[in-house]
Amino acid sequence: MSKYKSEVWKYFEKKTNGNAMCKVCGKLLRTSGNTSNLMGHLKKLHKLPSPSETNLKSPNKKEKAMSSYCTPGIRIQNNIDDPEPQTQETANSSNALPSDVSTYTQSPSGSTSTSSSVTEKFMKQPTLEWSLNKISSFSSGGQKHIKITEAIVYFICKDNQPFSVVEDIGFKKLMKEVAPLYKVPTRNTIKARILQRYDVVSSNFKYFLKEIEDITITTDIWSEMMTTKSYIGVTIHFIHSTKLCSAALGIFELSKSLSANYIAYELLNILNLWDIPKSKILAVVTDNDSTMLKAIKENFGENKHLRCFSHSINLVAEGSMKKVDGLLDLISKVRNIVKFIKRSVNCSDELRKLQEKDGDNVKKCILDVVTRWNSVYYMCKRFLELKEVVNQIVLKHINAPPMLNGQEIENIKQAVKILEILEKVTSEISGQKYATMSLVIPIISCINDNLSTMLPTSRIGVEFKNAITDEMKKRFEFIEKNYLLSVSTILDPRFKNIHFKDALALSKHLRFINSSINSLSSTVEDHLSTDSSDSAAEYGTTDLWGHHKNLARKSIKTYVDKTNLGNLKHLGPEITMYLSTPVSQLKTDPLITWEELKPMYPLIHKLATKYLSGVSTSVPSERLFSCASNTISKTRNRLCGKSASKLIFLNNLDNQFWLLSE
C-alpha cells in the first residue's frame with residue numbers, strides 16, 4: 001500500500017471508475033479524487049477515528065522503543081500490571097475494527113491476498129508513570145511479586161519439591177520466560193516464606209477447628225529408614241458443609257522407647273498443640289498393635305477406640321492362608337516365577353514381546369510385598385492373566401523355577417476368587433472422602449453372604465473358604481456390640497437396621513439413640529442447606545453388595561405392610577418414623593441425604609452428622625507416611641522433623657483451608 005500516501009487506504013481497495021471498496025463491509029464508495037468520503041465512512045459507520053484524530057503514520061524510533069509495553073491489539077486495563085485506570089476518552093479513542101476483519105496485503109506479483117491477522121488497533125501510548133508502576137509491581141514488595149512468590153510456595157508444598165528448586169537452572173529459565181521482570185528468591189527466602197505461611201494457615205485452621213464439635217483421629221507410628229528415626233502421624237476427620245473433610249496434623253518425632261504411656265503422652269501433646277480437647281474426640285482409629293491399643297484404651301476409653309477394619313481384614317486373609325495345607329507353597333511357587341522374570345532383563349523383554357506379538361496390552365508381573373495389603377491377590381491375579389506367555393518363557397530357560405501344573409493353577413484360581421471379596425472390601429472401606437464408619441457392619445454381612453454362596457471344587461478352595469469364614473467369625477462375631485459402628489450404621493439412611501442379626505444389641509443401640517435425641521436441645525435449626533457434595537462413594541455393580549440389595553428390597557415391603565411398627569412403640573416419634581421408611585439408594589451420600597431429611601427429622605439429623613463424621617480405618621495415617629517418605633527424600637535429607645511436619649500439613653491441607661487467610 002506504499003503507493004498510496006494516505007493511511008486510509010489500509011481499509012479500502014481502489015477499484016476502477018473512481019470507486020473504492022471498503023475492506024470492512026465491502027461497500028463501494030466514490031473517491032472523487034480525494035479521501036474525504038472514505039474517512040467519513042470509517043468514522044461514521046465503523047466508529048474508527050479519522051486520520052486527523054489519530055497518528056496514522058509509521059511508528060518512529062521512540063514509538064518502537066515503547067512497543068514492549070504497548071502492543072497493537074491489546075487494550076490497557078486497570079489491574080495490578082496496569083495501575084493507571086483507563087478513562088472513557090481513552091477507551092473511545094482506541095476503538096478498532098471487528099476481530100473477524102481480514103487485512104489485505106500486496107503480494108510480490110501485485111495481486112491482493114487476504115491474511116488471517118486481526119486489524120491493527122489504535123491505542124493511546126502508555127504514560128511513563130504507568131510503565132514505571134508496572135515494573136515496580138514485579139520488584140520486591142510489589143503485588144505481582146507477592147502473588148508469584150506465593151504461587152512458588154504453594155508449588156513447593158503441594159508437589160513435595162525441595163527448597164533448592166528455585167535455584168535450579170530449569171526453574172530459573174521457566175520463570176525468565178514467564179515473568180522476565182520477576183527476581184526469583186533464594187532457597188532461604190522461600191523457606192522463610194513457607195514457615196510464615198504455615199504460621200498463618202495453622203493459626204486460622206486452629207480457629208476453624210473450634211467450631212467443629214466432633215472429630216475422629218487416626219494415628220500410626222512409622223520409622224524413616226534414611227534417618228532411622230521414628231515418627232507418630234495424626235490425621236483428623238470431621239464434617240463441614242455436608243462434606244467429610246480431613247487434614248493431616250503432621251508427623252512428630254519420637255525420641256524415647258515406644259511404650260504405651262509415652263505414645264499416649266505424645267498424642268495428647270499433639271492435640272493440645274492444635275487446641276483440640278479430648279471431649280471433641282468421637283473416635284480414635286489405630287491398627288491392632290497391642291501397645292497402641294493399650295495407649296488409646298487408658299487415655300481415651302475403650303468405647304472411643306476403633307481397630308482399623310482394613311488391617312483386620314488383612315489379618316483375616318493372612319491367618320486363613322496359613323491354615324490351609326499347601327496354599328502357602330503354591331503362592332511361593334508363583335512368587336519364585338515372578339521373581340525370576342523380574343530379575344532377568346531378557347525374560348522381561350521376552351514377556352513384553354510375546355504380548356505384543358499376540359496383540360495384547362503389555363502387562364508386567366507383580367511381586368507381593370509383606371507390608372502392602374492384598375499384594376498376594378494382585379500377584380496371583382496377574383500371574384493367571386499372563387500364565388500362557390509365562391509358561392513359554394519358563395520352558396525356554398533351564399534355570400527357571402518349575403511352572404505350575406493344571407491342578408495347581410486351578411487351586412490358585414479358586415483362592416484368587418475368594419481373595420477378590422476381601423480386596424473389594426479393602427478398597428471400599430479405605431476412603432477418607434466419604435463416611436466409612438457406617439459401612440463396617442453392612443460389609444461384614446455382605447462378606448458372609450458372598451462366602452456362603454461360593455462353591456469351590458478343589459480341596460484347597462474348600463479349606464480356604466472355610467478358613468476365611470472361621471477367621472471372620474473369630475474377629476467380627478461381636479461387632480454389632482460396638483456402639484460407634486452400630487449407631488453410625490443405624491443413622492446411615494442407606495442401611496438403618498436391616499443388617500443387624502443380634503436383636504438384643506440392636507435394641508440397646510436404639511435406646512441409646514432415643515435417649516440421645518431426648519437430651520438434645522429442642523431448638524434446632526430447620527432450614528434446608530443448599531450445599532452440595534461430590535464425596536459420595538461410587539460403589540459400582542459388584543457382587544459384594546448383592547446381599548444388601550436383597551435386604552433393601554425387603555425393607556420396602558416391610559414399609560408397605562407396616563408390620564414392624566409394633567416393635568418400635570417404645571421409641572420416640574422421630575426414630576420410629578425414620579426406621580419405618582425404606583432405606584436410601586446405595587450410591588447416595590448419607591450427608592446430602594440428611595440435609596434433605598433435616599426438616600423432617602431435625603433431632604436425628606444433629607445426631608447423625610456426629611456419628612457419620614468418622615472413618616473406620618487407619619489408612620489416612622498410613623497414606624500420611626507415604627507423603628512423608630516423599631517429603632523426607634534424598635534431596636531433603638537435612639530436613640528436620642518440625643519442618644517436615646509443617647510441610648506435610650500444608651501438603652495435605654485442602655485449598656479451602658489453605659486460603660483462609662486471603
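Which loop does Asn374 lie in? The one between helix H12 (345-357) and helix H13 (375-385). I start there because Asn374 has a positive phi of about 65 degrees, although it is not a glycine, and because it counts as buried, at 15% relative accessibility, under the 20% cut-off. Keep in mind that this is a predicted model.

There is another residue of this kind. Ser241 has a positive phi of about 55 degrees, and it is not a glycine either. Ser241 sits in the loop between E7 and E8. Buried or partly exposed? Ser241 is partly exposed, with a relative accessible area of 36%.

Now the overall picture. The protein has 662 residues, and 47% of them count as buried. Its secondary structure comes to 26 helices and ten strands. Take the contacts between residues at least 6 apart in sequence: 68% of them join residues at least 24 apart.

Next, the cores. The largest nonpolar core has 94 residues. Which residues have the most contacts inside it? They are Phe309, Val390 and Phe464. The element that gives the most to this core is helix H15, residues 406-429, with ten residues. Look at Val390. Set aside its neighbours within four places in sequence, and Val390 is in contact with Ile337, Ile341, Leu351, Phe383 and Met403. There is also a second, separate core, of 65 residues. Val166, Phe238, Ala295 and Ile296 are included in that second core.

On to helix H7, residues 187-209. It has 23 residues. From first C-alpha to last, H7 reaches 32 Å, close to the 33 Å expected at 1.5 Å a residue. Which residues of H7 are buried? Ile190, Ile194, Arg197, Tyr198, Val201, Ser202, Phe205, Phe208 and Leu209. Note that Arg197 and Ser202 are on that list.

What do those buried residues pack against? Three strands: E6 (215-224), E7 (229-240) and E8 (243-254). And three helices: H5 (143-158), H25 (641-652) and H26 (655-658).

Ring pairs link Tyr198, Phe205, Phe208, Phe238, Trp274 and Phe649. Phe238, you will recall, is also in the second core.

Staying with aromatics, a search of the whole structure finds 17 aromatic pairs. One of them is Tyr578 with Tyr601. The ring centres are 5.9 Å apart, with 80 degrees between the planes, and the pair is edge-to-face. It links distant parts of the chain, 23 residues apart. Tyr578 is in helix H21, residues 573-580. Tyr601 is in the loop between helix H22 (590-597) and helix H23 (602-611). Both tyrosines are buried: Tyr578 has a relative accessible area of 1%, and Tyr601 is at 2%.

Tyr601 has another ring partner, Trp594. Their centres are 6.2 Å apart and their planes stand at 75 degrees, so this pair is edge-to-face. Trp594 is buried too, with a relative accessible area of 0%.

Let me turn to the start of the chain. Three strands form an open sheet there, in the order E1-E2-E3, with antiparallel pairing. Why is one side of E1 and of E3 left without a neighbour in the sheet? Strand E1 (12-14) and strand E3 (28-30) stand at the edges, each with a single partner strand, so one side of each has no neighbour in the sheet. The twist averages 35 degrees from one strand to the next.

Zoom in on the first pairing. Three bridges join E1 to E2, residues 19-22, and the two run antiparallel. Lys14, for one, has Ala20 in E2 as its bridge partner. Helix H1, residues 36-45, lies across E1, E2 and E3. H1 runs at about 135 degrees to E3.

You will find it in helix H19, residues 503-519. Leu510 counts as buried, at 5% relative accessibility.

Terms used: Residues are numbered from 1 along each chain as its sequence is written. This is a predicted model: local features need pLDDT of at least 70, side-chain atom pairs count only at pLDDT 80 or more; totals for chains, interfaces and linings use all residues. Side-chain values use heavy atoms; hydrogens and water are left out. A nonpolar core is a set of buried Ala, Val, Leu, Ile, Met, Phe, Trp, Tyr and Cys residues joined through side-chain atoms within 4.5 Å. Buried means under 20% relative accessible area, exposed over 50%, partly exposed in between (1.4 Å probe, protein chains only). Helices (H or I, at least four residues) and strands (E, at least two) are DSSP runs, numbered from the N terminus. Contact means heavy atoms within 4.5 Å. Two strands pair if DSSP finds at least two bridges between them. Axes are lines fitted to C-alpha atoms, for helices over the stretch in contact, and angles run from 0 to 180 degrees between N-to-C directions. The expected span of a helix is 1.5 Å times one less than its number of residues. Rings of Phe, Tyr and Trp (its six-membered ring) pair if their centres lie within 6.5 Å; planes under 30 degrees apart count as stacked, over 60 as edge-to-face and the rest as tilted.
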